[in-house]
Amino acid sequence: MLNKFINKDNISDWIAPIAVLILTVILLALNIYLGIVGILLFTITAYNAYDVYTKKQEEFKDYIDTLDIAFEGFTKNAVFNMPFPIVVLNKDSQLSWYNSKFKEMVKEKNSLIDKKIYNVIPEIEEEALFNEEQKFTLQYALRTYEVHINETSEDLKSPMKMLYFVDITEQERVFSNYENEKLVIMNIRIDNFEEINTNTPSERKPLVLAEIDSIITSYFHKYGSLIIKNENSRYFAALYKTTLDEMLEDKFSFVERVRNVSLGNTLAPTLSIGTGYNEDSPRQNEKSANGALDIALGRGGDQIVLKTGDEIFYYGGKNQATEKRTKVRARVIAHALSQLISKSDKVIISGHKNPDMDSFGSTLGLWYAAKTQSKKAYIVLSEVTPAIENLYHYAVKSIEDLEDSIITPDEAFDLADHSSLFIVTDNHRANSVEEPRIFEKTDTVVVIDHHRRGNDYIENAILNYVEPYASSASELVTEMLMYMNEKVEINKVVAEGLLSGIITDTKRFNQQTGIRTFEAAVVLKQHGADTSIVNSLFSEDLETIRNKSEIIANSEIYDGKYIFGYFNHDIDESTLIASQAADELASIQNMLASFVFTLSKGKVHISARSKGDVSVQLIMEKLNGGGHRTVAATQLDVSLDEAKELLKKAIKEYSEEE
């Protein structure tokens with residue numbers, strides 16, 4: 001009970017009464033009369049102490065009340081005079097209260113009480129008031145607001161929301177300017193400068209080159225950008241991101257104008273452009289631009305590649321690549337590869353997963369090249385697919401030690417070390433090699449491929465020989481064998497394997513075939529390749545022929561110019577059957593491209609073919625696939641119906657871009 005009156009804050013007021021109480025107890029023990037006097041004194045002092053305590057409590061209460069009133073007035077004044085609009089909504093999103101700034105913001109003279117916020121500001125969507133972040137961005141009356149939401153407890157009878165409208169227009173303008181004025185670096189190269197210089201009459205050369213130069217420089221000057229001519233065939237440009245956006249909107253029209261230059265030149269000039277932006281420094285932007293240009297050239301040229309961080313965007317590349325390889329480059333690459341083989345303690349060679357004749361044939365050629373230098377050489381092969389089955393059995397039966405040199409991916413990983421040479425052929429994608437883990441164990445990597453370069457290419461290869469103008473990896477390997485050693489005699493079976501690879505990828509010399517392709521075939525023939533044996537390697541059983549016939553019989557035409565085929569069986573030969581059926585469907589009159597769907601190891605595989613007017617490579621790239629303009633493929637982890645819809649969407653996007 002005493003705790004109510006006596007505490008550490010007022011103990012001094014009660015010292016006298018307590019002392020008198022103690023004295024009274026003593027006096028009562030000594031003398032009753034003196035004790036009575038003590039009781040009277042205690043009563044008087046206790047009353048005085050209580051009176052003082054009561055007055056202090058009243059004074060404190062008055063102080064608190066005064067402070068509460070003052071603070072309430074301050075709070076109300078602060079809320080009403082906030083420098084930004086505020087509105088209070090009831091549970092039905094109706095306005096219960098708003099300050100003058102809000103009224104100024106919506107420019108409304110009449111009362112807004114009980115009106116729904118969506119009617120007052122139609123730009124506010126109902127879902128925005130219930131998002132987890134408790135804020136949203138609003139574009140209203142040419143201003144940008146960041147709207148913060150403050151909610152009262154849901155336990156209350158009438159829960160309310162208070163919205164604070166913070167004007168961030170200036171902040172957004174500054175950020176937009178920052179983004180728009182980011183530096184963009186462009187490297188521009190005339191793809192076929194040497195060919196134009198060689199094939200144009202001498203009196204017309206200055207006119208052609210001057211016209212190309214005028215088109216390029218005037219285009220960039222029109223946008224106020226820096227453009228410098230480094231060499232006859234190379235330009236360097238610096239511009240703002242906002243200018244790049246305008247050029248994208250314009251679809252880089254100067255590229256088409258350059259292509260249309262015709263002043264005595266027999267070849268149409270084409271440009272490859274690498275663009276780098278949004279990096280940490282101008283130097284990094286330049287590196288990205290150089291990398292993007294390499295990718296553009298690796299994809300056949302005549303296109304624009306934009307690189308920002310890990311993202312890569314492609315524009316153009318719809319025309320068939322023209323052969324621009326030189327034998328000098330093939331000789332240099334062959335010599336460099338020969339030196340790398342001689343310095344390595346072992347050579348590990350890998351084609352791509354689900355190998356075809358070109359993949360296995362080119363690995364066979366590289367294995368033979370390493371063996372001629374007395375090196376331990378291994379071919380990584382996870383499975384003998386139906387596509388290579390005939391060649392595989394013929395080769396291991398005919399070539400001594402070959403079967404012992406063919407190892408599984410796990411065995412290859414165990415064998416690999418820092419002194420190993422890892423050669424990847426008919427593929428440049430890190431995730432498509434038979435054993436990607438080998439990259440972790442060796443830095444000496446060589447890439448030999450003929451496919452147009454995609455996003456997930458193998459980086460930091462010590463030797464990179466990617467020639468999209470070549471018919472096949474087997475063609476490239478054949479040339480390299482010719483130059484690695486003048487006295488080299490290509491094994492007859494190896495020659496037949498390489499010829500099989502060339503025949504596979506050229507569709508029996510009907511597609512992607514240049515002069516160098518026939519030269520390679522002649523070399524292989526000279527080294528004993530028997531065409532009758534090669535033809536026998538392509539023989540098919542009756543069931544395969546029936547399956548292809550089923551696909552063709554049940555095919556359907558899409559959009560009047562594309563034909564779809566379906567093989568709804570997940571068997572070992574499904575991808576081979578699909579690719580062969582796609583070849584036959586593509587030859588149908590009035591069809592621009594064929595696409596055959598099949599199941600392969602639980603996924604949907606699409607084989608795509610075209611006659612050249614449509615780039616199936618660009619279509620397949622939209623589905624994370626790739627290949628060549630006329631031959632491409634992809635694999636999707638979706639249902640067949642979903643894959644069909646995704647392909648239709650990709651075709652539509654390609655057609656719109658075209």
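## Ground rules

Residues are numbered from 1 along each chain as its sequence is written, and side-chain values use heavy atoms, without hydrogens or water. Because the model is predicted, local features need pLDDT of at least 70 and side-chain atom pairs pLDDT 80 or more, while totals for chains, interfaces and linings use all residues. Helices (H or I, at least four residues) and strands (E, at least two) are DSSP runs, numbered from the N terminus.

## Aromatic pairs

Rings of Phe, Tyr and Trp (its six-membered ring) pair if their centres lie within 6.5 Å; planes under 30 degrees apart are stacked, over 60 edge-to-face, and the rest tilted. The count is 19 aromatic pairs. One of them joins Phe252 and Tyr315: the centres are 6.4 Å apart and the planes stand at 55 degrees, so the pair is tilted. Phe252 lies in the loop between α8 (241-249) and α9 (253-259), and Tyr315 in strand β11 (residues 311-316), so the pair ties together parts 63 residues apart in sequence. Phe252 is buried, at 3% relative accessible area. Tyr315 is partly exposed, at 32%. (Buried means under 20%, exposed over 50%, partly exposed in between, with a 1.4 Å probe and protein chains only.)

Phe564 and Phe597 form an edge-to-face pair, with 5.6 Å between centres and 70 degrees between planes. Phe564 sits in strand β19 (residues 562-567) and Phe597 in strand β20 (residues 593-600), so this pair links parts 33 residues apart in sequence. Both Phe564 and Phe597 are buried.

## Helix α8

In α8, Lys241, Thr243, Leu244 and Met247 are buried. They cover an arc of only 155 degrees around the axis (taken from the directions from the axis to the C-beta atoms), which puts them on the same side of α8. The buried residues of α8 pack against several elements, including α5 (169-180), α7 (205-222) and β8 (234-240). Just after α8, Lys251 has a positive phi of about 60 degrees.

## The six-stranded sheet

Six strands form an open sheet in the order β18-β19-β20-β21-β23-β22, with mixed pairing. Two strands pair if DSSP finds at least two bridges between them. The edge strands, β18 (556-558) and β22 (626-627), each pair on one side only. β22 and strand β23 (residues 631-636) are antiparallel over two bridges. Gly627 stands opposite Ala632 in β23.

Helix α23 (residues 640-657) packs on the sheet and touches β18, β19, β20, β21 and β23. Contact means heavy atoms within 4.5 Å.

Definitions and conventions:
Axes fitted to C-alpha atoms, helices over the stretch in contact; angles between N-to-C directions.
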